[in-house]
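Reader: Can you walk me through this protein model? Keep it short, please.

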Amino acid sequence: MQPRVTAILVAPSGAASLDRTLDGLSQQTRPPEALVVVDASPADSDAGRLALSGAAQMVSAPGVTSIGAAVAHAVRVLGPAPESDDEWLWILGDDNAPEAVALAELLATVEVAPSVAVAGPKLMRQSEPGVISEFGETVTVLGRSMPLVAGELDQGQHDSHADVLGVAAGGMLVRRSVWTALGGFDPGLPHIDASLDFSTRARLAGHRVVLVPSARVESAGPPEDFGREPGGHARQARLTRAAQLHRRLVYAPLAALPLHWLSLVPLAFVRSLWHLLVKNPGAAIGEFRTAFATAFGGSRITRARANLRRTKTASWGAIRPLRATVTQVRERRVNERDAQLAGIEDSATPRASFVGSGGLWITLLAAVVGIVAFFPFLSAQAITGGGLLPVSTTVASLWNSVGYGWHEIGTGYVGPSDPFAGLVAILGTITFWAPSFGIVLFYFVALPLSALGAWFAARLITRRTWVPTIAALVYSMSPPVLSAMQTGHLGALVAHALLPFLVVTMVASHRSWSAGAAASILFALIAAGSPSLLPALVIGWLGAIATRPRGTHRMLGIPLPALALFVPLAIAQVSRGTWWALFADPGAPSRADAASPLQLLLGSPETGLNGWTALVAGAGISGATMAFLVALALLPLGILAVVSVFLPTRGRAIACLAVALLGYATAVAATHLAITGVGSSTTGVWAGSGLSLYFLGMIGAAVVSLDRIPRFTPPLGFLFAVLGVAASVPVLIATLGGTALIHPSDGRILSAYVTAEAVAKPDVGTLVLTPQPDGTLAVSLERGQGETLDQQSTLDSTQQQLSSTSRDLTILAGNLVSRSGYDPAPVLKELGVGFVLLDDTNKQDPAAALNQRAAQVLGSNALLLKAADTSSGQLWRYVDATERTTRHPTGGPLRPIVLTSWALIFGSALLLAIPTAPRRRRVRPGAPEAEQPATTFDEERDE
């Protein structure tokens, strides 16, 4: 009997190729007997305005949202199916324009093979007719769907394919009786794998599914999209996973169904980690959404299992040969990866070689300079002085200071730690056998690390091979980094070393999840080391988003780790009315003389022009003259920076100068923010961190000029480098000259006597009395072996009011150094004080006079026994010392909550930041070149 074909043309909302498809139908050499157009779009659509004639009819289905539902609606309109097996349905989407012989070739195949129930054409890309869009479908061993052929140039190499597991919905020719018996497409698969599942069920019902390579049909995308705009990779991954899980639960044996159901959420967790590792974070949330929807959306799965059980006549072993083998899957992945890597290599822009252009050598030079400048620290176990102290002696103690909980500093408190404590813990963990040595090691790594980062940052904005070397030299020897090292500002040192790397990753973050994650970690580390940079970092982040809006989704999460670090501290500071203290310098409080705006402009974070004033004091050179000479040394840097805005690449120059302006504004603002208590006075935020950002921007602008100025560039670059380094000579040699605030240490904070006692009694307290230059007395209580760097807290150093315990401590100290009838024993026992240390290092009046009086009073106190004269002062022992009577509270449930949230956020960022092979990306066929995924940094065109 002559086969009868009914073409079902589905026109979803937004059908743009409907006329082309109708033209193709009208030109068929073997036309279909009937045509049903399912209009699933609004009333004013193109499909709604069609005027059909003859056996064609229009069916309106505005509520239909999937191709399966649209075809089912059309089949219901056709009426009851006849008993004959010669009734066929030809399913077409609005973009499936067939070639003239397409239907004839399909029918020629099924007429000679009665066992064939489903036949599929070769789908060709609408925009590239010579390229195969899809030709056959299958599944892997684990059930993941994949096309047999996709994206290949059609040369007839796959025309031998015949029997397959599945075919695409577009252009599918299916026996109507089989369609009715199988129940059509599964409603539980509205978006992905609907045709694959139908073909599989047809196979299990004893029918054949074949490909017809001579039948060619156009395709602009999978019919499952149903008129929707192509979604992002995250949506595609979510829909694909949902379809896979649905099929898995439908196909699974009844005995294995509970195991599959229980594994849904654990597998979602494992797969979400994998998505983070392969730089596909958008799919991680979809994993959990899909897992829960599948686990608790059982009604569709139950119906689908019943339908499969009703029609299944063949075993699963019958379709096993049609599945993709492990070898086929591996070969396909290798070919895709090779194609992507080839594209990257072809599109990569040649840039300066790190070794060949001097990057390696300037890094080694910076390392040598660091070793020479800090030679006294080579054999040191720790560094102390300025803002530095030794750290705790064990890694466990280091990390115990991180997060929310009890902190021993001062009289102790329950609250959040500074984010800086985590930074110290990381450095100490690197040298776990001697945690304090981690800071010593970083001192020798800081200069070459700064040079390395500056070299890579400069390479982004210049094609001249020698210019990054100049930039790396000047940045690594600039005054801010050397001043930070000589004054013990560890956080500012970390910020200076990492700022160039933040620039590099921020530039690439708009197109790379890995770069965005790395930028988020660097953002957090820099903010933890120098909270004063937080406003500038946020402004820079917003500026990066504004200039790269297409990559906003990859850049939005950059501040998230820093936000997580600072939220507990911010809440604590705001709750006591000192929100501005959030920007205080972490580490041991130290005095700093605020520099004037002019001195800041010349790169000096404190008064003294980076040590030049003191160095030439004996030569009779005035401060004004010295300021002029320093300005002269930095003049080439200023000229090159200003000239950059008049060059063709002014966009880069403006960005660099904006960074410099942010840094300078930060430095100026820091000098006006006096919030940290040091003895009887307060000191401002250290301005060096802002100057690091200032120098980074200025050097970047100078690099733009050196890259574009055609004549006299090498001599100008040499002069720029020599004078830039010369401006930092005093701070470079400060350690060797004995003028630095820092000095080597054996890691001991208090005297050996106290340290030995602390081994047996870790909670023993030492009352430290320090005469101040203004004649007042500073008091602190240190536990165990003394206050360490990881125990320091800005909550303690910026407190505006004394607690009741601190007030008792102050009264105790005042009465101990004066003759009165006050009985100190109850307070000493309550606080667990075992020793009293009188710091006599300040030999100048009035501190010296106060020290002498205090020593006499302490020596005459019957409760105190003179223990020793130490390098840090005179030590007395409390004769009736006992364990302190009060026990400190714990952090409660907030500590695990804070630490867990930090671990999740930073763990996710680390997984994303780990470099992996390029991830396969979907690109719309025929997309403009500008829309193709970039593989290198965008180059700014000359104007």
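Author: Here is a quick tour, one topic at a time. This is a predicted model, where local features need pLDDT of at least 70, side-chain atom pairs count only at pLDDT 80 or more, and totals for chains, interfaces and linings use all residues. Residues are numbered from 1 along each chain as its sequence is written, and side-chain values use heavy atoms, with hydrogens and water left out.

Reader: Okay, helix H1. Which residues are buried there?

Author: In H1, residues 18-26, the buried ones are Leu18, Thr21, Leu22, Gly24 and Leu25. Buried means under 20% relative accessible area, exposed over 50%, and partly exposed in between (1.4 Å probe, protein chains only). Helices (H or I, at least four residues) and strands (E, at least two) are DSSP runs, numbered from the N terminus.

Reader: Where do they sit around the axis?

Author: They cover an arc of only 155°, which puts them on the same side of H1. The arc is taken from the directions from the helix axis to the C-beta atoms. Asp19 and Ser26 are exposed on the other side of H1.

Reader: Why would residues a few places apart point the same way?

Author: An α-helix has 3.6 residues a turn, so residues three or four places apart point the same way.

Reader: And what do the buried residues of H1 pack against?

Author: Three strands: S1 (4-11), S2 (34-39) and S4 (87-93). Contact here means heavy atoms within 4.5 Å.

Reader: New topic. How many aromatic pairs are there?

Author: The count comes to 15. Rings of Phe, Tyr and Trp (its six-membered ring) pair if their centres lie within 6.5 Å; planes under 30 degrees apart count as stacked, over 60 as edge-to-face and the rest as tilted. One of the pairs is Phe185 with Phe198, edge-to-face, at 5.6 Å centre to centre and 70° between the planes.

Reader: Where are Phe185 and Phe198?

Author: Phe185 is in the loop between helix H4 (176-182) and helix H5 (194-204), and Phe198 is in H5. They are 13 residues apart.

Reader: Are those two buried or exposed?

Author: Phe185 is buried, at 6% relative accessible area. Phe198 is buried too, at 0%.

Reader: Now salt bridges. How many?

Author: The count is 20. A salt bridge is a side-chain nitrogen of Lys or Arg within 4 Å of a carboxyl oxygen of Asp or Glu.

Reader: Which one does Asp154 form with Lys122, and what does the pair tie together?

Author: Their side chains meet at 3.1 Å, N to O. Asp154 lies in the loop between strand S9 (152-153) and strand S10 (173-175), and Lys122 lies in strand S5 (residues 116-125), so the pair ties together parts that are 32 residues apart in sequence. Asp154 and Lys122 are both buried.

Reader: What about Arg216 and Asp154?

Author: They form a salt bridge as well, with the closest N and O atoms 2.6 Å apart. Arg216 lies in strand S11 (residues 208-219), so this pair ties together parts that are 62 residues apart in sequence. Arg216 counts as partly exposed, at 22% relative accessibility.

Reader: Which residues end up in one network?

Author: Glu99, Lys122, Asp154, Asp159 and Arg216, joined by salt bridges that share partners.
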